[in-house]
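Hi,

Here is the structure I said I would pass on.

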Amino acid sequence: MFSRLGAFLQQAVETQEPSIDLLEAFTDHWKGLTHYYLETTDENTPVKETDIPWRLKQMLDILVYEEKQHPAGETGPCLEYLLQHKILETLSTLGKAEYPPGMRQQVFLFFSRVLGQVQHPLLHYLNVHRPVQKLLQFGSNVLGSATEKEEVQFAAVLCAKIKQDPALLTYILEGKNLLTVSPQGDAGSSQRESLATNGALTASPEHDRECSMGDAPCASLAGKPKNSVSSSSPLRKENNLITSLINLCKSQKSRVALKAQENLLLLISVAQQAAATYLVQNSALCCLVTDHLCDLYNAVPTSADPADILSLERVSWRLQNNSADEASFPGKGSLDAFFSWLDYCDHLVRGAHPVVADAVTETIGEKLFQGILQPQLLQMSELGILTSTAMLTAVVRQISAPALLRELVTFLLGTERQPEAITNSPQQHLLRFQLIEHCNHLSDEISLATLRLFEELLRKPHEHIVYSLVLRNLEERSYILRSQPGQEERSTHEQEHYEDTLELEEDPYFTDEFPNTGFRACKKPMPSSPRGPARPNEKTDVNEIVLSFLGLVPDEAKTSSYLEEAGYDTYVHDALRLFQECSANISSWNWPQEPKPLEPCDPQAAFYEGHFLKVLFDRMTRILDQVIGDLMQRIQRVSQFPAKLLLVRRQLMGLVPEEQIDHMTLFQGVVVLEEFCKELAAIAFVKFTPEGPA
């Protein structure tokens with residue numbers, strides 16, 4: 001019995017399962033799919049109610065299983081059948097026809113799964129990358145399309161493949177409309193295949209001409225005035241991977257838009273120089289990104305309050321918009337959309353290949369900075385100047401990428417590094433001249449808005465900002481007084497004796513009033529007045545000086561968050577923190593650690609501090625007159641109101657008969673009452689705010 005059981009088990013082990021003919025199964029599923037179109041007459045049946053999705057899934061499983069059974073790099077019979085019979089080409093045509101309804105989604109899914117799960121390189125084949133290009137070109141441009149989820153998944157697979165092999169850019173990007181492909185299409189594709197195989201990533205002259213009519217509209221805009229650059233490019237009609245990703249970035253579905261933005265960042269971070277050059281020269285990447293940025297900027301309502309614009313915090317492109325905050329003030333949704341895309345552009349420039357980053361930065365500078373912002377900043381309307389200055393301040397706050405910051409600084413301040421002269425023409429850099437002049441504008445609102453702009457600009461870690469605004473005319477000055485031989489010991493002794501006995505009126509920092517006063521490098525200042533040491537009863541406590549100064553500063557203007565304990569220690573702590581931040585910002589500027597030797601400065605020579613410092617000093621000299629004069633003017637206006645309000649008061653109290661009430665006068669009186677309240681509030685603001693009315 002046991003011998004029979006052992007023989008039975010041995011026979012069962014030796015028995016082999018019948019081998020499955022994978023190619024036959026693959027062809028059966030494909031024929032079953034094509035027979036559906038020959039046999040079915042109902043065109044309204046959704047594709048999910050047919051066996052098409054199941055057959056496509058079976059074909060995919062067969063391809064994946066077959067690849068596992070063959071050595072790496074070897075093509076199986078099923079994959080060869082798919083390539084030779086142009087199955088992907090046929091599926092792309094069926095997806096374009098959208099028959100049966102929902103077929104396009106199934107085609108996108110099948111393409112994504114085949115390219116993602118089959119490890120054998122496929123995009124190099126003509127019968128693969130050409131239907132891929134077609135599938136990208138008839139992708140929907142309509143926001144909220146039913147295929148957005150499948151499209152972004154398909155684009156993600158392509159971006160991952162290009163990241164692995166940047167040479168695939170020559171196959172994916174296409175400059176002509178393949179939906180109406182000419183007989184020369186195969187030859188053109190074959191030519192690109194041979195170019196990529198040889199390591200060259202440059203397109204043929206015919207391909208360049210086609211790109212110039214389709215995916216490279218920037219060249220056609222070169223001859224247009226910068227202030228007339230349109231935010232849309234009517235010449236661009238074809239779709240490819242770049243246009244598809246940009247369209248998906250505009251999706252109302254936050255997850256779709258976020259995934260599209262992430263994959264666009266992945267695509268533009270290609271490491272190879274040739275691939276990055278090809279991406280810039282043979283796609284509309286720069287124009288599409290910048291056009292969308294300009295469209296969002298133009299969508300911001302012109303009636304937006306500058307205070308609301310400045311109240312916005314830094315926006316992150318990764319965070320979803322909070323619909324609960326949309327109604328906090330008019331235009332907030334448009335502002336969030338613009339600054340979110342600006343932050344995305346900032347990250348794009350930061351993470352892109354330098355070739356791509358420079359190209360995108362240059363396009364943003366031409367279209368947004370020079371094409372839109374500059375005319376708005378140079379206009380005559382005070383309200384327009386306020387709004388555009390507030391927008392520019394928020395833009396400066398948002399930008400941090402070195403390349404984009406460099407472009408912004410060049411746009412605002414120019415590249416000139418020679419010392420300024422009083423005779424310099426404003427036309428050398430008109431925008432810089434106008435912005436500096438706005439710091440001392442007749443309108444206090446414009447002045448304060450522009451000062452906030454320069455304050456934000458000076459916080460940026462860029463050496464040219466400080467040099468252009470402050471150091472251009474100060475660098476060659478001899479502000480270091482070198483001691484004569486034999487005076488160092490005496491100076492040290494005097495310093496120890498006088499460091500706490502300086503009279504306030506003899507402050508050594510006021511060198512204009514004390515020409516004999518100088519500084520020593522890395523040492524505390526020394527008094528050079530011949531009056532001798534101060535008397536003991538004239539000692540001034542530094543702590544009291546700081547407390548007196550802090551008493552003049554309103555709480556809103558204090559930098560410390562510990563207002564209740566605002567004293568000398570807090571003041572020093574804040575000063576140290578600001579100094580450390582400044583030191584960190586300038587650490588990469590390669591400034592010398594010690595002062596370099598300077599030629600003696602002629603004290604009789606005329607000195608010009610520079611346009612920026614001159615305007616600031618001029619404004620400081622008239623702050624008191626401006627505030628007091630404005631205060632007196634408001635008081636005079638308020639003194640005229642009681643007489644006007646007397647009649648209104650009598651009418652409101654019923655002291656005047658109904659038939660004698662002039663309703664128009666009553667209405668005007670209510671308006672006067674409202675103005676009276678505003679004037680009182682303004683007087684209180686002027687009285688308790690040193691900077692005057694906003």
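Below is what I found, going from the overall picture to single residues.

First, some ground rules. This is a predicted model, so local features need pLDDT of at least 70 and side-chain atom pairs count only at pLDDT 80 or more, while totals for chains, interfaces and linings use all residues. Residues are numbered from 1 along each chain as its sequence is written, and side-chain values use heavy atoms, with hydrogens and water left out.

**The overall picture**

The chain has 30 helices and 0 strands. Both are DSSP runs numbered from the N terminus: helices are H or I with at least four residues, strands are E with at least two. Of the 694 residues, 42% are buried. Buried means under 20% relative accessible area, exposed means over 50%, and partly exposed is in between (1.4 Å probe, protein chains only). If you take the contacts (heavy atoms within 4.5 Å) between residues at least 6 apart in sequence, 74% of them join residues at least 24 apart.

pLDDT is the predictor's confidence in each residue, from 0 to 100. The chain's mean is 74, with 62% of residues reaching 70 or more. Helix H20 (residues 402-413) has the highest confidence, at 96, and helix H11 (residues 205-213) the lowest, at a mean of 36. Two stretches are worth a look. Residues 12-18 stay under 50 and have 0 contacts beyond four places in sequence. Residues 686-694 are also below 50, but that stretch has 20 contacts in the model beyond near neighbours in sequence.

**The core**

A nonpolar core is a set of buried Ala, Val, Leu, Ile, Met, Phe, Trp, Tyr and Cys residues joined through side-chain atoms within 4.5 Å. The largest one here holds 131 residues, and those touching the most other members are Leu91, Val132, Leu241, Phe338, Phe339 and Leu412. Helix H18 gives the most to this core, with 10 residues.

Which residues does Leu241 contact, leaving aside neighbours within four places in sequence? They are Leu136, Ala155, Leu158, Cys159, Ile162, Ile172 and Leu267.

Now find Ser244 in helix H12 (residues 241-249). Ser244 is buried, at 8% relative accessible area, and touches Leu136 and Glu151, not counting residues up to four places away in sequence.

Val128 sits in helix H7 (residues 126-137) and is buried too, with a relative accessible area of 0%. Not counting residues up to four places away, Val128 touches Leu83, Leu88, Leu115, Leu122 and Leu123. Val128 and Leu88 are 40 residues apart along the chain, yet their C-alpha atoms are separated by 6.6 Å.

**Salt bridges**

Side chains of opposite charge can pair when their charged atoms come close. A salt bridge here is a side-chain nitrogen of Lys or Arg within 4 Å of a carboxyl oxygen of Asp or Glu, and the count comes to 16.

- Arg318 and Glu262 meet in a salt bridge at 3.4 Å, N to O. Arg318 is in the loop between helix H16 (306-311) and helix H17 (332-351) and Glu262 is in helix H13 (residues 254-268), so the pair ties together parts 56 residues apart in sequence. Arg318 is partly exposed, at 47%, and Glu262 is partly exposed, at 35%.
- Asp291 and Lys367 form another, with the closest N and O atoms 2.7 Å apart. Asp291 lies in helix H15 (residues 285-299) and Lys367 in helix H18 (residues 354-377), so this pair ties together parts 76 residues apart in sequence. Asp291 and Lys367 are both buried.
- Glu455 and Arg459 form a salt bridge with the closest N and O atoms 3.1 Å apart. Glu455 is partly exposed, at 42%. Arg397, Glu455, Glu456 and Arg459 are linked in a network of salt bridges.

Enjoy exploring!
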